[in-house]
Amino acid sequence: MAPSEPAKEGGALTRAEWMAAAGLVLSALSWAYMAGVMVQQIGDLDRRATALEAGRAVNAAKIEQLLITSARIDANVAALTEQARERRNNR
């Protein structure tokens with residue numbers, strides 16, 4: 001032990017050791033906080049992705065219904081156009 005160092009009594013921590021321990025605890029708490037933030041962000045992103053997938057399924061069903069309706073309208077327009085031609089040809 002160097003002459004300028006105070007003697008330790010019964011394993012008591014020096015001021016530098018307390019500061020190092022406090023720094024270590026703060027670092028560990030910081031890591032725990034950041035891990036919590038990341039877990040929360042992952043949960044939020046998972047929830048958003050689930051909502052988007054559900055919305056996409058609903059939109060796909062709506063698009064399918066619109067395609068069916070559009071095909072029916074096209075068929076009706078074609079039939080009405082054919083009837084109009086027949087009337088013009090019969091006059």
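The side chains of Arg85 and Glu82 meet in a salt bridge with an N to O distance of 3.5 Å, a salt bridge being a side-chain nitrogen of Lys or Arg within 4 Å of a carboxyl oxygen of Asp or Glu. This is a predicted model, in which local features need pLDDT of at least 70 and side-chain atom pairs count only at pLDDT 80 or more, whereas totals for chains, interfaces and linings use all residues. Residues are numbered from 1 along each chain as its sequence is written, and side-chain values use heavy atoms, with hydrogens and water left out.

**Salt bridges**

- By the rule given above, the count comes to two salt bridges; side chains of opposite charge can pair when their charged atoms come close.
- Arg85 and Glu82 are three residues apart in helix α1, so about one helical turn separates them.
- Arg85 counts as partly exposed because its relative accessibility is 43%, where buried means under 20% relative accessible area, exposed over 50%, and partly exposed in between (1.4 Å probe, protein chains only).
- Glu82, at 37% relative accessibility, likewise counts as partly exposed.
- Asp44 forms a salt bridge with Arg47, and the closest N and O atoms of this pair are 2.3 Å apart.
- Asp44 and Arg47 both lie in helix α1, where they are three residues apart, about one turn of the helix.
- Asp44 is partly exposed, with a relative accessible area of 27%, whereas Arg47 is exposed, with a relative accessible area of 54%.

**Fold and surface of the chain**

- The chain contains one helix and zero strands, with helices (H or I, at least four residues) and strands (E, at least two) taken as DSSP runs and numbered from the N terminus.
- Of the 91 residues of the chain, 0% count as buried.

**Nonpolar patch**

- Val25, Leu26 and Leu29 make a nonpolar surface patch of about 300 Å²; patches are made of residues with over 30% relative accessible area and no salt bridge, with like charges joined within 9 Å and nonpolar side chains (Val, Leu, Ile, Met, Phe, Trp, Tyr) within 5 Å.
- Val25 is found in helix α1, which covers residues 15-90, and Val25 is partly exposed, with a relative accessible area of 47%.

Methods:
Accessible areas come from the Shrake-Rupley method with a 1.4 Å probe; for residues, only the protein chains shown count as cover.
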